Amino acid sequence: MAGNHTVWIVLQHRDGQLHRGSREAIAAGQRLAAAIGGAAEAVLLGLGTSSLAESAAAFDLARVRHADHPHFTHYTPGGYVGALAPALRAESPAFVVLPHTYQTVDFAASLAQASGAGWLPEVTGIESGEGGLTLRRPILGGKLEAQLRVRGEGPMVVSVQSGAFSADTATAGSAPIEPFPFAAEAATPDREILGVEAVAGEKLDLTKAEIIVAAGRGVGGADRMGPLRELAAALGAEIAASRPVIDNGWLPRDRQIGSSGQTVAPRLYLAAGISGAIQHTVGMKGSQVVVAINKDPGAPIFNLARYGIVGDLHDILPALTKAVREAKGG
Amino acid sequence: MRIAVCVKQVPDTEARLRVARDGKWIEEEDLPFVLNESDEYALEEALAITEKVGGEVVVFSLGPERVKEGLRKALALGAARAVHLNDPVLAGGDAVVTGRALAAAIARESFDLVLTGSQSDDLGWGGTGSVIAGVLGWPSAWLVMGVTLEEDGRHARVTREMESGMNEVFRLALPAVLQVQAGLNHPRYPNLKGIMAAKKKPIDELGAADLGLAAAAAGSSGSRLELVSVAFPSSGGGAEMLEGDAETVARSLIEKLQREARVL
Ligand SMILES: Cc1cc2nc3c(=O)[nH]c(=O)nc-3n(C[C@H](O)[C@H](O)[C@H](O)COP(=O)(O)OP(=O)(O)OC[C@H]3O[C@@H](n4cnc5c(N)ncnc54)[C@H](O)[C@@H]3O)c2cc1C
Ligand SMILES: Nc1ncnc2c1ncn2[C@@H]1O[C@H](COP(=O)(O)O)[C@@H](O)[C@H]1O
């Protein structure tokens, strides 16, 4: 009988593979279980996914429970919440851990609402100290970090931010595989999936660029892109951008960097007027050298930059272009 | 078609933030507030749909008195009416209690569609819309990048963003809750006529009692999460900050990129 010190880890998969975030969720789930003196176990919903259950069983988990059913051919919130909520209510584990992805966030709060649980997304740290267990997450676009404590009765559904818990720290083991109890008629898909398509206009490949000059909302408008273009030309760089620049139509969508854009790792990434929200930085944090120009000294982008300049980008960029031209000429 | 749109007022992303004295939240005095970015897209989508097929848009916001400013903007943009959940008992809640309160207010009327933003720029639970859907028993979708109503008026074709530049397309049954992602349309700006018209449009106020919510189950008391502290993140490695006038920092940066980092 699962007690209320249990930690569930719900695994995400696609195209016959565990999502990379699922291993990070296992690592985080094991950490949480250790912190509350309980045991972690995994849940997998899919069709023909026995081999994935087996790969999950190679971790140190109390068990892996697997529901193999046509209702899970495609992920749908109706299928997932319908399958998970009754068992969650019945067993009341302390935590349900998910990787923080576009799929899990799509259903997690509905799951929490349906099973008398709470919802705590984007966890980046787990600390157990004198004051008990606290969980950390970014707020206000990453400008601040919050420490939160869980209170009250019932499970807490948490999602863990990509990269916050290294998959390498998940401990190996050998777990039994058991069927996950669910009622198929309660777990019916509530979407008719029509297909998957590439985001319109996604053609340009920025992953090969050696130098990228990236514009953020701070640039201020399509008509104010000139200095950035000139710097890019002087450096022989590609131009890229944060999402609001694209959403506002200042640049085409195929130049977006981040979780819903491209992931790049150039030699040099120069971010101008970009605050450094996690959805942006996941797409560029692998860059060899990051330079940030921002008028706000508290902008989180400075935390991952090697060099920072506080100031108005409309003053700094033309000066940089001039300095590049001088350096190249001399 | 009657559409409910949930709009939240959040601190302007441009604003400099200060941690409040108790260390549990930010100093809100003098802080500029704006409508949450994705909510502006949700509102635009709702207005565009009703302009096409007829109907009206009602906006809902939970928050203190200042929230009226955001609601007035939504009215100026074309919403017919506003509902303000204005009660300290409802304040300070997580996504679950906030979503339940909004759902209770929405359920007092009859709607074909609820649109929300995908994520609030302050707390960013990314879940309030899903909770509303759960309470109403409607299907929902997060990160909606396209909505097409089908001829039968009972289904919608929805495009939803996935990671790495792909979209998923599916049909779902109405009524539904669609959580709109920034970028799906081009939000309009308020004009003078709209601003004048907004002054005559009603803003109804509701409190916890009107919604049948017990104080213990609402707002911060009903919340499963307690904010222990907020703080500026400690710098990762921390950038080397270059100082001086534009020309000085520019020269020094290029030199460092050439000689120190060796990337130019
Ligand atoms: C599901 C989801 C997916 C997302 N995917 C992505 C994604 O793929 N890519 C992405 O980038 N974002 C994405 N976002 C949005 C992300 O959360 C942030 O909102 C976004 O990255 C912020 O962009 P920004 O830094 O340009 O704008 P802001 O956060 O508004 O920052 C603008 C910055 O410019 C500075 N500034 C203003 N004027 C000047 C000036 N004159 N000189 C110098 N500095 C100035 C300001 O101080 C501020 O730091 C996503 C969000 C969600 C919810
Ligand atoms: N206090 C609120 N009042 C009105 N709508 C809200 C409120 N909080 C959240 N929402 C809606 O729910 C969406 C997601 O918010 P969140 O779950 O906080 O990320 C927002 O974009 C709003 O549309």
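The crossing of helices H5(A) and H8(A) is left-handed in this predicted model. H5(A) covers residues 226–235 of chain A and H8(A) covers residues 313–329 of chain A. Their axes lie 9 Å apart and meet at an angle of about 20°. Angles under 35 degrees count as roughly parallel, and the two helices are therefore roughly parallel to each other.

From H5(A), the contact takes A:Pro227, A:Leu228, A:Glu230, A:Leu231, A:Ala234 and A:Leu235. H8(A) answers with A:His314, A:Leu317, A:Pro318, A:Leu320, A:Thr321, A:Val324, A:Arg325 and A:Lys328. By class, the residues of this contact are nine nonpolar, two polar and three charged.

H8(A) also packs against a helix of the other chain, H7(B), which spans residues 246–259 of chain B. Here the angle is about 50° and the axes are 8 Å apart. That makes H8(A) oblique to H7(B). The crossing of this pair is right-handed. On the H8(A) side the contact residues are A:Asp315, A:Ile316, A:Ala319, A:Leu320, A:Lys322, A:Ala323, A:Val324, A:Glu326 and A:Ala327. On the H7(B) side they are B:Ala246, B:Glu247, B:Val249, B:Ala250, B:Arg251, B:Leu253, B:Ile254 and B:Gln258. This contact divides into eleven nonpolar, one polar and five charged residues. A:Leu320 and A:Val324 of H8(A) are listed in the contact with H7(B), and both are also listed in the contact with H5(A).

A further helix pair lies within chain B: H3(B), residues 95–106, and H4(B), residues 128–136. Their axes are 8 Å apart at an angle of about 50°, and the helices are therefore oblique to each other. The crossing is right-handed. H3(B) contributes B:Ala95, B:Val96, B:Thr98, B:Gly99, B:Arg100, B:Leu102, B:Ala103 and B:Ile106. These meet B:Thr128, B:Val131, B:Ile132, B:Val135 and B:Leu136 of H4(B). The classes in this contact are nine nonpolar, three polar and one charged.

| Helix pair | Angle | Distance between axes |
|---|---|---|
| H5(A) and H8(A) | about 20° | 9 Å |
| H8(A) and H7(B) | about 50° | 8 Å |
| H3(B) and H4(B) | about 50° | 8 Å |

The two chains can also be described by their interface. The size of an interface is often given as the accessible area lost when the parts come together. Between chain B and chain A the buried area is about 7300 Å², and carbon and sulfur atoms give 54% of it. Which three residues supply more than any others of the area that chain B buries against chain A? They are B:Glu163, B:Arg224 and B:Val263, which supply 10% of that area. The contact involves 86 residues of chain B and 87 residues of chain A.

Nine salt bridges are found across the interface of chain B and chain A. A salt bridge also joins the side chains of B:Glu37 and A:Arg217, with an N to O distance of 3.2 Å.

Two details of the backbone remain. The peptide bond from B:Leu174 to B:Pro175 is cis, with omega near 0°. B:Pro175 is placed in the loop between strand E9 (166–173) and strand E10 (176–180) of chain B. In chain A, A:Asp15 has a phi near 50°, a positive value in a residue other than glycine. A:Asp15 lies in the loop between strand E2 (13–14) and strand E3 (17–18) of chain A.

Technical notes. Residues numbered from 1 in each chain as written. Chains lettered and ligands numbered in written order. Predicted model: local features only at pLDDT ≥ 70, side-chain atom pairs only at ≥ 80, totals over all residues. Heavy atoms only, no water. Axes fitted to C-alpha atoms, helices over the stretch in contact; angles between N-to-C directions. Helix = DSSP H or I, 4+ residues; strand = E, 2+ residues; numbered from the N terminus. Parallel < 35°, antiparallel > 145°, perpendicular 65-115°, else oblique. Left-handed = near helix turned anticlockwise from the far one by under 90°. Contact = heavy atoms within 4.5 Å. Nonpolar A, V, L, I, M, F, W, Y, C, P; charged D, E, K, R; others polar. Buried area = accessible area lost by both parts, 1.4 Å probe. Salt bridge = Lys/Arg side-chain N within 4 Å of Asp/Glu carboxyl O.
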